[in-house]
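Have the structure open while you read, and take the points in order.

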Amino acid sequence: MENQTSIDNKLNGLILVGGKSSRMGTNKAFLDFNGQPQVNFLASLLQRFCNDVFVGAKKGEDYSELNVIE
């Protein structure tokens with residue numbers, strides 16, 4: 001049996017973001033991580049293994065280049 005990674009099974013990824021950021025004072029999804037916003041870094045990791053990657057965010061938050069589920 002061959003051991004290979006395949007995304008033929010329609011695996012989707014979901015990054016959960018949001019919250020009030022009351023303790024941090026800023027949206028943690030946009031904190032710099034390895035030279036890019038943390039949410040983008042996580043999306044690029046998931047895209048290696050998933051057909052589609054979504055961000056679960058509250059209404060009104062801007063994640064322009066990502067697929068958002070409100």
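1. Let's start inside the sheet: which residue in S5 is the bridge partner of Val55? Val68 is the one. Keep in mind throughout that you're looking at a predicted model.

2. Now zoom out to the strands around that pair. S4 (residues 52-56) runs parallel to S5, and three bridges join them. S4 also pairs with S1 in the parallel sense, this time over five bridges. On that side, Leu16 has Gly56 in S4 as its bridge partner.

3. Leaving aside residues up to four places away in sequence, Val55 touches Leu14, Ile15, Val17, Val39, Tyr63, Leu66, Asn67, Val68 and Ile69. Val55 also belongs to the largest nonpolar core, a set of 11 residues that includes Ile15, Val17, Val39, Tyr63 and Leu66. Helix H1 (38-47) and S4 each supply at least two residues of this core.

4. Next, look at the surface. Leu14, Leu16 and Ile69 make up a nonpolar patch there, with about 330 Å² of accessible area together. Leu16 sits in strand S1 (residues 12-16), while Ile69 comes from strand S5 (residues 67-69). Ile69 and Leu14 are 55 residues apart along the chain, yet their C-alpha atoms are separated by 9.1 Å.

5. How open are those patch members? Leu16 counts as exposed because its relative accessible area is 70%, over the 50% cut-off. Ile69, at 45% relative accessibility, is partly exposed. Ile69 also has contacts with Phe54, Val55, Gly56 and Ala57, again not counting residues up to four places away in sequence.

6. Two backbone spots deserve a second look. Most residues other than glycine have a negative phi. Ser21 isn't a glycine, but has a positive phi of about 55°. Asn34 isn't a glycine either, and its phi is also positive, at about 55°.

7. Where do Ser21 and Asn34 sit, and are they buried or exposed? Ser21 is in the loop between S1 and strand S2 (32-33), and counts as buried because its relative accessibility is 17%, under the 20% cut-off. Asn34 is in the loop between S2 and strand S3 (36-37). With a relative accessible area of 59%, Asn34 is exposed.

Conventions:
Residues numbered from 1 in each chain as written. Predicted model: local features only at pLDDT ≥ 70, side-chain atom pairs only at ≥ 80, totals over all residues. Heavy atoms only, no water. Patch = residues over 30% accessible without salt bridge, like charges linked within 9 Å, V, L, I, M, F, W, Y side chains within 5 Å. Areas by Shrake-Rupley, 256 points an atom, 1.4 Å probe, with all protein chains shown as cover. Salt bridge = Lys/Arg side-chain N within 4 Å of Asp/Glu carboxyl O. Helix = DSSP H or I, 4+ residues; strand = E, 2+ residues; numbered from the N terminus. Buried < 20%, exposed > 50% of the residue type's maximum accessible area, 1.4 Å probe, protein only. Contact = heavy atoms within 4.5 Å. Pairing = 2+ DSSP bridges. Core = buried A, V, L, I, M, F, W, Y, C linked by side-chain atoms within 4.5 Å.
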